[in-house]
Structures are given as structure tokens and as C-alpha cells.
Amino acid sequence: MTVPAHLIKGWCPGALRPMRSGDGLIVRIKPRAGAFSISALAAIADAAARFGSGEIDLTNRGNLQLRGVSDDSYDDAITALRAADLIDRSAAVEAVRNVVVDPLSGIDPERPNVCDVAARIEDALADDARLWALPGKFGFSFSGSSEPMVGGRAADIMIAAAGDGFDICLDGATDLRCEVTAGDVIDSVRRLAMAFLDLAAKDHELRRMKAVVARFGAARIFELAGLQVTSRSVDVTVASVSAGLLSRGDLVFGVGIGLPFGRITADQLGRLCQSAEAAKLKDVFTSPQRILVFPVAERAKAELVLQAAASTGLIVVPEDARLQMDVCPGSSGCRNATTDTRADARHLVDVLNGSLSGYSVHVSGCEKGCARQSAADFTLIARAGRYDLIRNGVAGDPIALANVDADDIGNTVSRFILDSAS
Ligand code: SF4
């Protein structure tokens, strides 16, 4: 057993730097340019069943993580994952390769393919050791539309397709952009990352782009990177991926399979892979919205995958309220939790019986609020086995109703929904 010594709570985990949690080691696997091959996905399912608890999370950065890997089985898990080409060449490369890719880019005929440029930035991150100094949570995203945020989630540096080139935005200043050509985009992103490192070095509290933007201004960062900045219209509305058949009119281009509260079992994933292999699909893209996107152009094949997913209890319709819910592992997977968040979230869905549709919900096992950074319509924060309810906010915001019994959260949320409708 050679689990590294830095297994401390709060470490941003990888496969080579796993994190110890309440149910064992978390081994996080990052896709390449947003995608896994179907054979790699099957290898992940197999490794989860053999070496972990059999539960796999899809994170809000589109990574897959094995849960419940024991100290004794960790080395074998890494050997199996490495054989499927899922392990980076070093822990430093793995840590810096935080790249989220629009899962619809190159699949939806209206979205250009940004996977190639995302792959090139991953290569640059792996090859340029200066960038390994970036903080562990620092990330990049690539959008195939004019909306720089992928799945509604900000990244430190966001790159969006714009005509033949790209717009680059920074977290905390999405009203500004830098227009670059396809030939210049990698070097521009690299220079922005280096500008961040220069400015962040002035104060070690500055760990994310948003904080550096707040301290120095986005214009200063672009200037330091030698880039021209212009204003950007922020009133674009771009549909994000959802569950079910993905199509434009009669043109089918994919299927989205939602993972209830971001989790899938090894058995469910294995069966999904079998259906994808039967349909002769090659790849799957991961969405920060906890959806697996399979590119497929034939309706019959798309329906084969949807049926397989539905038969195992995965989400195949866009209206499913669980797609709008962020739920942390809770007491079954985290020692900080004082409630069984996943059981309580299921109870919430059952009690509200459809009326939760359209509302975002965050259920958190403690005040840390790991599962969601942005505001939700309803945020439930566990404290000593009960919940505090926050409306239209995040963990730490003012509490609308304190000390709610876990059995009563459904009725409580229902009352708030009725009140806001009256
Ligand atoms: S929010 Fe959830 S996962 Fe995060 S520390 Fe608290 S209980 Fe654990």
C-alpha cells in the first residue's frame, strides 16, 4: 500500500493524490478534453466494482471519482486505471489539468468543436512546469457557444468559440473579453495564467482568479498578459445540456443521461457501457451538470442507450427535478456530515412530487457547502442533525428558517414554494 502521505481533509483529490473520506479513499479521474472512450468508461466501472465501494461520482467539473477505495486496494486500482490510459504521468500534471469542456461542442451542429484546442491547453499545462504552480482548484473551461460559462459554472479562465477565433474571459469580470485568433489562443491563455501567478504571488491569500480580479481589476491582468480587452454583451442566453434525446428538429445528435445527485453505481455504468458498445458508440462527454453525453446520430441507437439507462434508474427526461439538485455525500461518505443528505434529498423529491421542477436545490451535510458554489433557490445546510434553510443564496448567507427536522424539509420547502406563488 503506497497511499501518499498528504492525505489530508480538504485536499483537492486526483488519482495519484487521493483524498481520504468517510467511506475510504476518493480516486478522481479526469477526462481528456472533456471525454472518455467507452472502453475507458467500462474500465472505470470495473475498477469501481473491484477496488472501491462500487459508487462513482460525476463532479461539478466533469470528473469521475471512485469512492470507497481501501488502502489495500489502492495500488491495484491505479494499475488497472493506468492500463486503460486514465492516469497522468505525474501528480503535478494531474493536479494542474483542470479543464472543463462544453459537452455539446462538436456534437450540436450549431456549436463549433473546441475539443482540439482544449486538448492543446492540456498539453501546454502538462509540458510547461511554470504552470504547475497554479493553485489546485484553478481551472479552465472551453465553450462551444457565446456563453463562456459551461453549464452555468464559472472557471478561472474561460475560453468561448467566437466565429473563427475565441473570446477569453476571466472569472469575476465576464463583462470583459479578449478576442484572439485560433492560432494565438493557447499562448494567450498561457500568458493570462502567468499574469495570475505574478499577481497572486503578492499575497498568498489570492488563490483564485476571481480574487485577483477583485484586487487588481481584470484590465490589469489582460494588460500584464499583453492582451487587448473589449467589453462583452452579457445578455446572451444559451441552452445547456439536459437529459434525454438531444436533437434539433428531426436531427438527432446525442443522448444525455443524468446521474441522480451526481452518482452512478458500477453496475449501472457497466450496463450503460454495454448498451453504448452495442450501439457502436465511441466516446462519452461529461457535463458539470452531472450528465453523461453520448454523441449518436441515429435515433434507434439513441433510444437503445436511453432504454438501458432508464431500466437502471438513471435520469432520461429533462424535467426530472433531481437534475436541479446538488447534494453532497452526507453521512455515508463524509465525517463532517450530520445528516444523510442523499436520503433526505430523495425524501424531498418524493414529498414534493413534481412541484420542485424549475427550482434549484442544494442539500449540504455541513456548513462547508462543498456541492455547490453558486446560489440555489433552496439551500439546506445540516447542523447537528437538522437543517437550516437559506433562500436564494449560498452556504453562509442569512438563514430563512432554522432548525428544521430532516423529516419535515419537504413540507417546509413546499410551504415556501406556495408562499412565493401567492
Ligand atoms: S459539505 Fe458535505 S461533503 Fe463537504 S465537508 Fe460538509 S458534509 Fe462533507
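**Reading helix packing and a ligand shell**

Mentor: Helix H1 (residues 38-51) and helix H2 (residues 74-83) cross at roughly 165 degrees, and their axes come within 10 Å. This arrangement makes H1 roughly antiparallel to H2. The model is a predicted one, in which local features need pLDDT of at least 70, side-chain atom pairs count only at pLDDT 80 or more, and totals for chains, interfaces and linings use all residues. Residues are numbered from 1 along each chain as its sequence is written.

Trainee: How is such a pair described, and which terms apply?

Mentor: Two packed helices are described by the angle between their axes and the distance between the axes. Helices are DSSP runs (H or I, at least four residues), numbered from the N terminus. Axes are lines fitted to C-alpha atoms over the stretch in contact, with angles from 0 to 180 degrees between N-to-C directions. Angles under 35 degrees are roughly parallel, over 145 roughly antiparallel, 65 to 115 roughly perpendicular, and the rest oblique.

Trainee: At what angle do H5 and H6 pack?

Mentor: Helix H5 (residues 185-200) and helix H6 (residues 209-216) pack at about 65 degrees, with their axes 10 Å apart. H5 and H6 are therefore roughly perpendicular to each other. Their crossing is left-handed. Phe196, Leu199 and Ala200 of H5 meet Met209, Val212 and Phe216 of H6. In this contact of H5 with H6 there are six nonpolar, no polar and no charged residues.

Trainee: How do H4 and H5 pack?

Mentor: Helix H4 (residues 115-127) packs with H5 at an angle of about 45 degrees, the axes being 10 Å apart. H4 and H5 are therefore oblique to each other. H4 passes H5 in a right-handed crossing. Val117, Arg120, Ile121 and Ala124 of H4 are in contact with Val185, Ile186, Val189 and Arg190 of H5.

Trainee: Which residues are around the ligand?

Mentor: Cys328, Pro329, Cys334, Asn336, Ala337, Ser364, Gly365, Cys366, Lys368, Gly369 and Cys370 are around the ligand, each with its C-beta atom, placed from the backbone, within 6 Å of the molecule.

Key: Helix = DSSP H or I, 4+ residues; strand = E, 2+ residues; numbered from the N terminus. Left-handed = near helix turned anticlockwise from the far one by under 90°. Contact = placed C-beta atoms within 7 Å. Nonpolar A, V, L, I, M, F, W, Y, C, P; charged D, E, K, R; others polar.
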